[in-house]
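Hi,

Here is the structure I said I would pass on.

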Amino acid sequence: MSSTEELRHTALDALHRSLGATMTDFAGWDMPLRYGSERDEHNAVRTKAGLFDLSHMGEITVTGPQAAALLNFALVGNIASVGVGRARYTMICRADGGILDDLIVYRLAETEAASSTYLVVANASNAQVVLDALVERSAGFDAEVRDDRDAYALIAVQGPESPGILKSLTDADLDGLKYYAGLPGTVAGVPALIARTGYTGEDGFELFVKPEHAVELWQALTKAGEGVGLVPCGLSCRDTLRLEAGMPLYGHELSTSLTPFDAGLGRVVKFEKEGDFVGREALTEAAARASQNPPRVLVGLIAEGRRVPRAGYPVVAGGEVIGEVTSGAPSPTLGKPIAMAYVDAAHSAPGTAGVGVDIRGSHEPYEVVALPFYKRQK
């Protein structure tokens, strides 16, 4: 972003500043990085509850008689098989199979008998790219692609106390709301789409509301969480939480230079669905390549020492570079630095000996582990 461009502000901007948040430019948005201690915010989500402003995410509505057919053509997943009120994790790829973004697609309640409505949620950094691709790919389909980024604020409450906090503010059936689902409801008197598709490794909910209701809802959630340790949380702890949970981040574990098969996420590509889709031919070849000659594998690395690996650092073994770190940070839950990295298949088995990370010329020893680093007790 050039210095002449204005940063975008969420509906909660003034509230973040009143809470003393440290703000940062994230994908052109002025977002809270942290309010106090990143470690305390992280631990609150793991043990109690955290409140996040995610209004920078990109919402795109696809509606019409051929909305499902359009999304089946535009995305790699089988969107036509998603039931009303359910959500699906999927990807949008280029014709060459490279990942443009990873997405969550919600199928909303039917408005008219012959018309379906889907809410596509893109990463903030890719929202315009995804919107442009969907508009371009909609040619010939009886469906409308609408940029709804300004129509929503998005607030997430995450952590083991989050169901109790939300239950005190809504009569929606949260017990019946499965993981990767969404239902319309009212929270603290505010109309919302209540979703359960968290990005922290914990149970939790995402509330899509009109921007003019965001402050009122945030304040109601804050009050409801007072007795159980709810704290406001910034993007910094969101990153360490998703890293511990082994969840990929676009621009780190996912990029246009990788296909879903290179990223170990080939399962999201549904070749069995009817008709053509963008990238089908290239992804068929990528799947065949991956089965014969496995690409680098995404693994977890746990430090034996204290030095923190960062994205781009080489992973080494026997004096050779065998991979590259994609994300790294100190893990508050494990008490050690951790990283995700793509490494040669020969060195990807958990417990593989002799693996290290080149941290500014020093080869620091790391243990190879299976992802995720952390899994909540259900």
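Predicted model: local features only at pLDDT ≥ 70, side-chain atom pairs only at ≥ 80, totals over all residues.

Let's start with the packing. The largest nonpolar core has 31 residues, and the members that touch the most others are Ile155, Leu166, Val187, Ile194 and Leu221. At least two residues each come from strands S3 (49-53), S9 (153-158), S10 (182-187), S11 (190-195) and S12 (204-209), and likewise from helices H5 (162-167) and H6 (214-224). The top contributor is H6, with 5 residues.

Setting aside neighbours within four places in sequence, Leu166 is in contact with Leu174, Val187, Ile194, Phe205, Leu207 and Leu221. There is also another core, lying apart from that one, with 22 residues, including Val62, Ile92, Leu100 and Val130. As background, nonpolar side chains tend to be buried together in soluble globular proteins.

Next, helix H3. Of the 8 residues in H3 (residues 67-74), 6 are buried, so the helix is largely enclosed by the rest of the structure. The buried ones are Ala67, Ala68, Leu70, Leu71, Asn72 and Ala74. What do the buried residues of H3 pack against? Strands S4 (58-64), S5 (87-93), S6 (99-107), S7 (116-122) and S8 (144-147), plus helix H4 (127-137).

Now the domains. The chain is divided into domain 1, made of 12-55 + 152-245, and domain 2, which is 295-377. Taken over C-alpha atoms, their centres are 30 Å apart. Domain 1 puts 12 residues into the contact and domain 2 puts in 14 residues.

About 1,100 Å² is buried between domain 1 and domain 2, with carbon and sulfur atoms giving 58% of that area. On the domain 1 side, Arg39, Leu243 and Glu244 lose the most area to domain 2, and together they make up 50% of what that side buries. Helix H2 (38-47) and helix H7 (235-244) are the elements giving two or more residues to the side of domain 1 that touches domain 2.

How many salt bridges does the rule find across the interface of domain 1 and domain 2? The count is 0. For polar contacts between domain 1 and domain 2, the count is 7 residue pairs, both residues being at pLDDT 80 or more.

Cheers

Conventions. Residues numbered from 1 in each chain as written. Heavy atoms only, no water. Core = buried A, V, L, I, M, F, W, Y, C linked by side-chain atoms within 4.5 Å. Buried < 20%, exposed > 50% of the residue type's maximum accessible area, 1.4 Å probe, protein only. Helix = DSSP H or I, 4+ residues; strand = E, 2+ residues; numbered from the N terminus. Contact = heavy atoms within 4.5 Å. Domains from an automatic or database assignment. Buried area = accessible area lost by both parts, 1.4 Å probe. Salt bridge = Lys/Arg side-chain N within 4 Å of Asp/Glu carboxyl O. Polar contact = N/O pair within 3.5 Å; in protein donor to acceptor, adjacent residues only side chain to side chain.
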